[in-house]
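Visitor: Could you walk me through this one? I'd like to learn how to read its features one at a time.

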Amino acid sequence: MNLPGELKYTKDHEWVKIEGNTATIGITDFAQGELGDIVFVDVDSVDDELSAGDVFGSVEAVKTVSDLFLPLSGIVSAFNSELEDQPELLNTDPYGNGWIIKLEIAEGADHSELLSAEEYQASLG
């Protein structure tokens, strides 16, 4: 399983790349493997101010739909529009072209729940 060390992770199987006050968020390699072939990504929260733990969208696979949970509080500033035509990017390139949203991180947002690659790996058992 691929777990880039420079990223942070959540127990809900999202990854987070923090650059300044912007976070890029996607789903982990583990999550896409569990979901199977992803056929649709639904994010209608662009420009919304959300709190950590809020649902910001969903991913639909052939057999299931899974909610996406925001790892940090902030404003959803962008959605990866490539996913509209190529949702399978979440399967083929989850840490690259398969990113889902960009988030303008709220001032004072709590980062304490984010896991390192090692901690995330350990949480999978």
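Visitor: Where does E107 lie?

Guide: E107 lies in the loop between strand 9 (101-105) and helix 4 (117-123). Helices (H or I, at least four residues) and strands (E, at least two) are DSSP runs, numbered from the N terminus. Bear in mind that this is a predicted model: local features need pLDDT of at least 70, side-chain atom pairs count only at pLDDT 80 or more, and totals for chains, interfaces and linings use all residues. Residues are numbered from 1 along each chain as its sequence is written, and side-chain values use heavy atoms, with hydrogens and water left out.

Visitor: Is E107 buried or exposed?

Guide: The cut-offs are simple: buried is under 20% relative accessible area, exposed is over 50%, and partly exposed is in between (1.4 Å probe, protein chains only). E107 is exposed, because its relative accessible area is 84%. E107 and N21 are 86 residues apart in sequence, yet 8.3 Å apart in space, C-alpha to C-alpha.

Visitor: What about P71 and L114, how far apart are they in sequence and in space?

Guide: They are 43 residues apart in sequence and 7.4 Å apart in space, again C-alpha to C-alpha. P71 sits in the loop between strand 7 (65-69) and strand 8 (74-79), and counts as buried because its relative accessibility is 10%.

Visitor: Which span does the UniProt domain annotation cover?

Guide: UniProt positions are given in the numbering used here, feature names are shortened, and annotations may be inferred rather than shown by experiment. The unreviewed UniProt entry gives "domain: Lipoyl-binding" for residues 22-104. The end C-alpha atoms of that span lie 5 Å apart, and the span is 18% helix and 42% strand. The UniProt record, also unreviewed, places "modified residue: N6-lipoyllysine" at K63. K63 is in the loop between strand 6 (55-61) and strand 7, and counts as exposed because its relative accessibility is 80%.

Visitor: How many salt bridges does a search of the whole structure find?

Guide: First the idea: side chains of opposite charge can pair when their charged atoms come close. The test is a side-chain nitrogen of Lys or Arg within 4 Å of a carboxyl oxygen of Asp or Glu. The search finds one salt bridge: E19 and K17 meet through their side chains at 3.9 Å, N to O. E19 is partly exposed, because its relative accessibility is 46%, and K17 is partly exposed too, at 36%.

Visitor: Which residues form the negative surface patch?

Guide: Patches are made of residues with over 30% relative accessible area and no salt bridge; like charges are joined within 9 Å, nonpolar side chains (Val, Leu, Ile, Met, Phe, Trp, Tyr) within 5 Å. Asp and Glu count as negative, Lys and Arg as positive, while His and the chain ends are not counted. Each charge is placed at NZ of Lys, CZ of Arg, CG of Asp or CD of Glu. The negative patch is D42, D44, D47, D48 and E60. D48 is in the loop between strand 4 (38-42) and strand 5 (49-50), and is partly exposed because its relative accessibility is 33%.

Visitor: What is the phi of D47?

Guide: Most residues other than glycine have a negative phi. D47 is not a glycine, yet has a positive phi of about 75°. D47 lies in the loop between strand 4 and strand 5, and counts as exposed because its relative accessibility is 62%.

How values were computed. Accessible areas come from the Shrake-Rupley method with a 1.4 Å probe; for residues, only the protein chains shown count as cover.
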